[in-house]
Amino acid sequence: MVGKPARPTNAIDQTRRMLSLVTYLKERPGARVEDVARAFGITEDELVSDLDVLPMCGTSFRGGDLLDIDTDGERIWWHNPDDVAEPLRLAADEATALLVAARAVSTLPGLRESDRQALLRATAKVEAAAGEQAGASSRLSVTFEAEGGVFADVDRAIAERRRLWIRYYSPARDEVTEREIDPIRLVSVGHTYVEAWCRRSEARRTFRLDRVAEIKILDEPSAPPEIELRDLSEGLVQPAAEDPEVVVEVGPGGRWVAEYYPHDSADELPDGGLRITLRTPDPASLRRLALRLGRDGRIVSPHDLADSARQAAREALAAYDGVEAAGAHGAHAGQDGQSDMPYDRQEQGL
């Protein structure tokens, strides 16, 4: 069966499945793709995706001894099962890295208790096997930043099919909003995101985990509508043909925009800059880009967006002028007529 999965999966579920898949394939050389997919309750597309990852796995952290697994679309072949069947022997640095990472993961908030206990039991076994080599790991520790806790809560909510409440910072609007979302899946494209159905906007939205200010797992079940998962192989941001068109001109110092923003065209300008045409569902979000570019770029069209960007720039300069005026007033009160201002507007990069 080819098509969308019957239910969303998360990183922990996929890892469990792939570990089981290794044992399954070792015992069934030449297994049929459709039979394996049916046995694991996944689609053939999901199985092929797992098979794309397995050849990058093996028994050595340094590379080598990797799984030689491939498929012709109908059957699956594992060419070196005996080569990777030898008992795993960890070097001192490998044992230390594994134990430190395992202890750190076991402290993540939101981790299911059954998974935490299983991880602690496995850690104890590795410690016993490593012997004296495990000594260094007890003197090291890792502390996850806030995103780690958010990841654990989202992963747990997906696994338990529960709704989430979040306070989320939107840089495009420079505001924090409260939302209830039904999480669908975690994705990693540069940063880690949760794709979800947002109950506030009644639409699919993608939230960056490091912008989640607060998160709670709700008792209410998660019930996202049946929607087709997007293909993110071309990137997270994929403008649609019907999105509004925006034209931006940048100087040589702003050519990086063409590398970071998906665009329809980027034409060379005589001064070494670019005239970039792009599409976005939210043109107002590009005001921040215009302010960031400063003298290195400007919005050409649409005209109302260009006008609003210029107005935002004027308001920002006026705010700095107000600070300078207050500082100058204070400077007159200082001794010997010396200014107390530590830097001027030019030094601020304005």
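A residue is taken as buried when its relative accessible area is under 20%. In this predicted model, tyrosine 24 has a relative accessibility of 18% and therefore counts as buried. Phenylalanine 40, at 22% relative accessibility, counts as partly exposed.

A search of the whole structure identifies two aromatic pairs. In one of the pairs, the ring centres of tyrosine 24 and phenylalanine 40 are separated by 5.3 Å and the ring planes meet at 75°, so the arrangement is edge-to-face. Because tyrosine 24 belongs to helix 1 (residues 11-27) and phenylalanine 40 to helix 2 (residues 33-40), the pair ties together parts that are 16 residues apart in sequence. The other pair joins tyrosine 168 and phenylalanine 207, whose ring centres lie 5.0 Å apart with planes at 80°, so this pair is likewise edge-to-face. Tyrosine 168 is located in strand 4 (residues 162-170) and phenylalanine 207 in strand 7 (residues 203-208), so the contact ties together parts that are 39 residues apart in sequence. Tyrosine 168 is buried, with a relative accessible area of 8%, and phenylalanine 207 is buried at 3%.

Charged side chains are also placed over aromatic rings. Arginine 28 lies over the face of tyrosine 24, at 3.9 Å from the ring centre, while lysine 216 lies over the face of tryptophan 165, at 5.0 Å from the ring centre.

Strand 10 (residues 265-268) pairs with strand 11 (residues 274-279) in the antiparallel sense through four bridges. Glutamate 268 has leucine 274 of strand 11 as its bridge partner. Five residues separate the two strands of this hairpin, in which glycine 272 adopts a positive phi near 95°.

Key
Residues numbered from 1 in each chain as written. Predicted model: local features only at pLDDT ≥ 70, side-chain atom pairs only at ≥ 80, totals over all residues. Heavy atoms only, no water. Pairing = 2+ DSSP bridges. Phe/Tyr/Trp six-rings, centres within 6.5 Å; stacked < 30°, edge-to-face > 60°. Buried < 20%, exposed > 50% of the residue type's maximum accessible area, 1.4 Å probe, protein only. Lys NZ or Arg CZ within 6 Å of the ring centre and 35° of its normal.
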